[in-house]
Amino acid sequence: SSAPRLRVNDDGTVSDTATTLQWQRAETSDMTWEEARHYAETLSLAGHTDWRVPTIKELDTLNDESRVNPSIDRDAFPGARAARYWSSTTLFSRDTLRAWFVEFRTGIASYDAKTVRHAVRCVRNSQ
């Protein structure tokens, strides 16, 4: 079979060879959307400080349709929860009070008020 798409690094990150994105491997506590943005902006991990909250399209690339509860690769992300993870994507320009998330129980994307607390998995462009 082909090499796994997700490569676990020894610095607390996971590299996606398909998207060239680098992901935070550890889990976070639940936080509001604004708290998640602040957390990402101040995160220093693996010698990098350019972490951010992923877009909804980026976050959806971690959804594994062959898995459920959680619908994510547990080898790459052993602590992953079947929970809602924030994206940076606001619902749309007329509704800036809500933002998209991916719910990693079944992998459904939906949106919620930014004041609700969800998990976050930070990302950075590795190239």
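Which residues of the largest nonpolar core touch the most other members? The views below take you there, after a short note on the model. This is a predicted model, in which local features need pLDDT of at least 70, side-chain atom pairs count only at pLDDT 80 or more, and totals for chains, interfaces and linings use all residues. Residues are numbered from 1 along each chain as its sequence is written, and side-chain values use heavy atoms, leaving out hydrogens and water.

**View 1. The largest nonpolar core has 17 residues.** Here is the reply to the opening question: Trp23, Leu62, Phe77 and Phe104 touch the most other members. A nonpolar core is a set of buried Ala, Val, Leu, Ile, Met, Phe, Trp, Tyr and Cys residues joined through side-chain atoms within 4.5 Å; buried means under 20% relative accessible area (1.4 Å probe, protein chains only). Strand E3 (21–24) and helix H2 (56–60) each give two or more residues to this core. Helices (H or I, at least four residues) and strands (E, at least two) are DSSP runs, numbered from the N terminus.

**View 2. Another core, of 13 residues, lies apart from the largest one.** Look for Met31, Ala36, Val53 and Ala99 among its members.

**View 3. Three strands form an open sheet in the order E4-E5-E6.** The pairing is antiparallel; two strands pair if DSSP finds at least two bridges between them. Strand E4 (84–92) and strand E6 (108–113) are the edge strands, each pairing on one side only.

**View 4. Strand E5 (residues 95–103) meets E6 through six bridges.** Find Trp100, and you will see Tyr111 of E6 standing opposite.

Definitions and conventions:
Buried means under 20% relative accessible area, exposed over 50%, partly exposed in between (1.4 Å probe, protein chains only).
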